[in-house]
Amino acid sequence: MATVSASKVMFQRVTGPGLDSDSYSCILREIINSRALVEGKKLHAHIIKTGFWFLIFLQNNLLSMYAKCGNVAIARQVFDKMPERNNVSWSAMLAGYVQRDYTVEAFLFFNQMQKAGMSWNRFTLASVLRACTSLAAQEQGKQIHASAVKTGFESNNFVGSALADLYAKCGRIEDAYNVFVKISNPDLVSWNAIVAGLAQNAKFDDARQLFDKMPQRDVTTFNSLIIGYSQNGYDEEALKLFCQIQWAGMNADEFTFASVVRGCAGLAALNQGKQLHSQTIKTGFDLDIFVGSALVDMYSKCGSIDDALKGFKLTPKRNVVSWTTMIISYAHHGCGKEALQLFEEMQQAGARPNRITFIGVLSACCYLGLVKEGCYYFDSMSRDYGISAQVEHYTCMVDMLGRAGLLAEAEEFVYQMPFEPDPVIWRTLLGACRVHGNVELGKHAAEIVLRQNPQDASSYKLLSNIYATAGRWDDVANVRKILKERVAKKEPGLSWIEVKNKVHSFVAGDRQNTETEKIYAQIEELNEKMKEVGYVPDTSFALHDIDKELKEELLCHHSEKLAIAFGLISTPPGILIRIIKNLRMCGDCHTATKFISKIVGREIVVRDANRFHHFKDGFCCCSDYW
């Protein structure tokens, strides 16, 4: 880099005669700007030899140089050896601790500073407030705020921005905004702090209003909103803002790419994700560990597990996020053995799994029906890694036992939990009762869920399905009557497919598509061919009290079958078909799709609410266990 070369050139002048203290100070500033620690150490030695060490402003510069170059330990040694210290000395050391995330040390040092009777300046207050933010130390932050008010620094840009950031990250968005409006002349940093705070607290309308009023913006401004949108499921808005960055001629950074790539994952927008991947390669951000993990996640959620694995293998450095993302990807695609193998490799590589890693591991055991192994990993969490099981881990265990038909054990596991089971746990057990036709336990689980959340439409649907499968049509009618009375809206089954950069969505019995006649003709043709090779419609999934022929007709027109038929008539032979469904794929559609994949000689990937199904040559990767 040019700055490093410049610092080396300037340092070479040190060996010449006639350098004064101002020259040393100038060279130190250049070394700090270029983060040239090696030259800084040499200059430090030269200052001692030439006798300029006694000057306090040079000592302060040396202290700052070590702190900003990342060596806080030597910075502290310099501080401790100083025969005399002033406010600049204390503030520089405090800033060094905060900048390197030594937040506990920063608090202790700030207390020492107070005991030494040092006065505060705006930089001191801003630094200690950032330490409060890192530790979510809200009460200490309020005390510092009171001191800022007394000393007149509340309206200062540095202090006001730090206060706004603190309150926003502690969820006190009104306090954050009140601080912001008191800043006398807010700069870009101040504006970014409040916009980020509003976005982090999902106050997107307010954040966007301020965003539009800003006198200037930089990529950090855009990132504040993009990250907030992406984390809260507003993926389309995140992608639109990314386009604005490009129109404005700004350079996106690694945080931008990581967020918008995750936005593509949420939308299952594979083509856009591939375009973003190309941009990350051009800019070099594909090698960033977080961008790389986002790309793996995107390819996985868009149904391309092979591309996800390629991205994982190309990641030069891996952390727990990288390993965990790939493990969860494998699990969701039915590659349970690969997920567990990768978990073993992760441990051998010295990466320590976290609670999210174990969600992936337990999910893999769940999808494979590996009850014994799942119990082992569940116990290993606390025994080997000191990780306390959270509700997500218990949900995985209940799901695993329930899928395996061990409903009594699943119920017992729920009652043995160390905390009150939430509705998700009971709904998971209810789903297992639906699969295995356990009416009484299903009724019990549904009653508990609906007692806690009377508006939970999915539980009404599951209970209704259990009754319908058992032929208890009076109970079905009663459940649907209650559902209607309580105004709980049942989410309709929806499937969609992307063809030529356009998304086509379908509901059951849909006739809105311009190719409707061809779609239904394709379904009729497929039905005839499937029945010739042994397909028998499973009418238990047509949950209405009607005759068999009508039930079969309803099954033919489920949303995923319509989407598959559209894909077949709209793409060339041999092309892989990807379908997304918002609900769990029904058993009959699952069986039919296996037949279709063999008849048409195509691989069909379906992402439902629970996992991915890869259909090829008449088989599914889930081995009919989902």
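The points below comment on selected helices, strands and aromatic contacts of a predicted model.

1. Helix α8, residues 122-134, has 13 residues, and the distance from its first C-alpha to its last is 19 Å, close to the 18 Å expected at 1.5 Å a residue. At the N-terminal end the helix is capped by N121, a side-chain oxygen of which lies 3.0 Å from the backbone nitrogen of F123. Beyond the helix comes A136, a residue with a positive phi, near 55°.

2. The buried residues of α8 are T124, L125, A126, S127, V128, L129, A131, C132 and T133.

3. The structure holds 26 aromatic pairs. One of them is formed by W90 and F109, whose ring centres are 5.0 Å apart and whose planes make an angle of 40°, so that the pair counts as tilted, the class between the limits of 30 and 60 degrees. This pair links distant parts of the chain, since W90 belongs to helix α6 and F109 to helix α7, 19 residues apart. Both W90 and F109 are buried, and they belong to one aromatic cluster together with F79, Y97 and Y102.

4. R318 deserves a separate remark, for its charged end sits over the ring of F312, at 4.2 Å from the ring centre, and also over the ring of W323, at 5.4 Å from that centre.

5. Leaving aside neighbours within four places in sequence, the residues in contact with S293 are R262, V321, S322 and T325.

6. Strand β1 (residues 494-499) pairs with β2 (residues 502-507) in the antiparallel sense, through 6 bridges, and within this pairing I497 has H504 as its bridge partner. The two strands form a hairpin with 2 residues between them, and in the turn K500 has a positive phi of about 55°.

7. Strand β1 is also joined to β3 (residues 577-581), again antiparallel, over 2 bridges, with S495 opposite K581. In a regular strand the side chains alternate between the two faces of the sheet. In β1 the covered face carries S495, I497 and V499, while L494, W496 and E498 lie on the uncovered one.

Key
Residues numbered from 1 in each chain as written. Predicted model: local features only at pLDDT ≥ 70, side-chain atom pairs only at ≥ 80, totals over all residues. Heavy atoms only, no water. Buried < 20%, exposed > 50% of the residue type's maximum accessible area, 1.4 Å probe, protein only. Helix = DSSP H or I, 4+ residues; strand = E, 2+ residues; numbered from the N terminus. Pairing = 2+ DSSP bridges. Expected span 1.5 Å × (residues − 1). Polar contact = N/O pair within 3.5 Å; in protein donor to acceptor, adjacent residues only side chain to side chain. Contact = heavy atoms within 4.5 Å. Phe/Tyr/Trp six-rings, centres within 6.5 Å; stacked < 30°, edge-to-face > 60°. Lys NZ or Arg CZ within 6 Å of the ring centre and 35° of its normal.
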